[in-house]
Amino acid sequence: MIYLDSAATTPIRRKVLETMWPYLTEEFGNASSHHDKGEAARRALDEARATVAKALGARSSDIVFTSGGTESDNLAIKGIALAKPRGRHIVTSEIEHPAVLESCDYLQRHHGFRITYLPVDGCGVVDASDVEAALSEHTTLVSVMYANNEVGTVQDISGIAEVTGRFRVPLHTDAVQAMGALDCNVAKLGVDALSISGHKLGAPKGVGALYVRGRFPLEAIVHGGGQEFGRRSGTENVAGAVGLAAALSLRPSVEESTQLARRAESFIAKVLSDVPNAVLTGHRTRRLPGIASFCFPGTSGESVLLQLEESGITCSSGSACAAGNDAPSPVLTAMGISAEIAQTAVRFSFGVETGEDELISVAESVVGAVASVRGLATR
């Protein structure tokens, strides 16, 4: 099997599992307990927090461990908006992750916030000038995803931060897809809050983190014993935090990411060359190196997936967060792609472990799969 659905999830890396193992077995203590087992767990949690903070160029006290990217987004959006809001207005984009969009919808329905949804161009890019035009003295928060999980387009977050900084409006970015491939130093980006998730990086599902600049009040959305500096209650997932920290320490080097980008470019070029009428979605160059998403007019994306699966290739028709929903992708339609064409989308996502020969083989299989589906459609 060739696995090309890393944007949905990645396998746990062996080194990560080995690092976690003691905290799943003999070092099982509760990090809030004041005895030897508890103190050992606390030290491991503190070390993991320091590692995550270092990866983001942040302070340890600015890191909140969560259950994953969805909770991190919820805590950022709701937590900042409800703490000490400046007005009740949030600016976000039309192509955000559902965790952001649904959090905004909740604030609108239950707390009277007004939401501005920024448009994107045909490549999925948010224009910083549109951000500026949307801001006012009543704007509470801006949230724009760093890199899109469906098409891989990378936003100019530092450019957007320059705008929000002049207006003194907090900026949050969902960096769940970006963390394994891009520089997520929060000082360089200029963001005030940033979300990450472990299972996109080779850590287990069920752990993530939120960076929030220390000076920002944050209203907790999970209440209880006051763990995580009072920002997220609940017994800490020590093994998960340790695994997330280990995964961050194993991120690809700049050289590995550059090589991955070259392999991806060759794969994209071959598909566009050999599959008639294939359309690459997302920005041609400002994109994550490990995501290549196409529309194949005259097919059904699900039918192409089934053909590829028969060839031992695992990929997806879009975001795993929309599983079971056969509606066209809101991301693609926001980019101006018709609903009919959007339903032909297939996303390939991979990491540095995917070899060039494998991608060539996949491209050849795509040619056959699309031809087969189109042939059936014309009978």
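Reply: On a 1 Å grid over the protein atoms alone, a cavity is a set of points where a 1.4 Å probe fits but cannot get out, whereas a pocket is an open set with protein on both sides within 12 Å along at least five of seven lines. Counted in this way, there is one cavity of 30 Å³ or more. This is a predicted model, in which local features need pLDDT of at least 70 and side-chain atom pairs count only at pLDDT 80 or more, while totals for chains, interfaces and linings use all residues. Residues are numbered from 1 along each chain as its sequence is written, and side-chain values use heavy atoms, with hydrogens and water left out.

Me: How do you know which residues line the largest cavity, and what is its volume?

Reply: A lining residue has an atom within 4 Å of a point, and by that rule E150, V151, S293, S317, G318, S329, L332 and A345 line the largest cavity. Its volume, taken as the space filled by probe spheres set on grid points joined across faces, edges and corners, is about 30 Å³. With Ala, Val, Leu, Ile, Met, Phe, Trp, Tyr, Cys and Pro counted as nonpolar, Asp, Glu, Lys and Arg as charged, and the others, Gly among them, as polar, the lining has three nonpolar, four polar and one charged residue.

Me: What makes up the lining of the second largest pocket?

Reply: The second largest pocket has a volume of about 590 Å³, and of its 29 lining residues T10, K200, F350, G351 and V352 are the closest to its centre. The lining divides into 15 nonpolar, nine polar and five charged residues, and α9 contributes the most, with three residues.

Me: Why are β9 and β12 said to stand at the edges?

Reply: Strands (E, at least two residues) and helices (H or I, at least four) are DSSP runs numbered from the N terminus, and two strands pair if DSSP finds at least two bridges between them. β9, β10 and β12 follow one another in that order in an open, antiparallel sheet. Because β9 (279-281) and β12 (345-349) each have a single partner strand, one side of each is left without a neighbour in the sheet.

Me: What makes the crossing of α3 with α4 left-handed or right-handed?

Reply: A crossing is left-handed if the near helix is turned anticlockwise from the far one by less than a right angle, and right-handed if clockwise. α3 passes α4 in a right-handed crossing. With axes fitted to C-alpha atoms over the stretch in contact, and angles running from 0 to 180 degrees between N-to-C directions, α3 (residues 69-83) and α4 (residues 98-111) pack at about 35°, their axes 9 Å apart. Among the residues of α3 that meet α4 are I77 and L82, and those of α4 include Y106 and L107; the contact has eight nonpolar, four polar and two charged residues.

Notes: Contact means heavy atoms within 4.5 Å.
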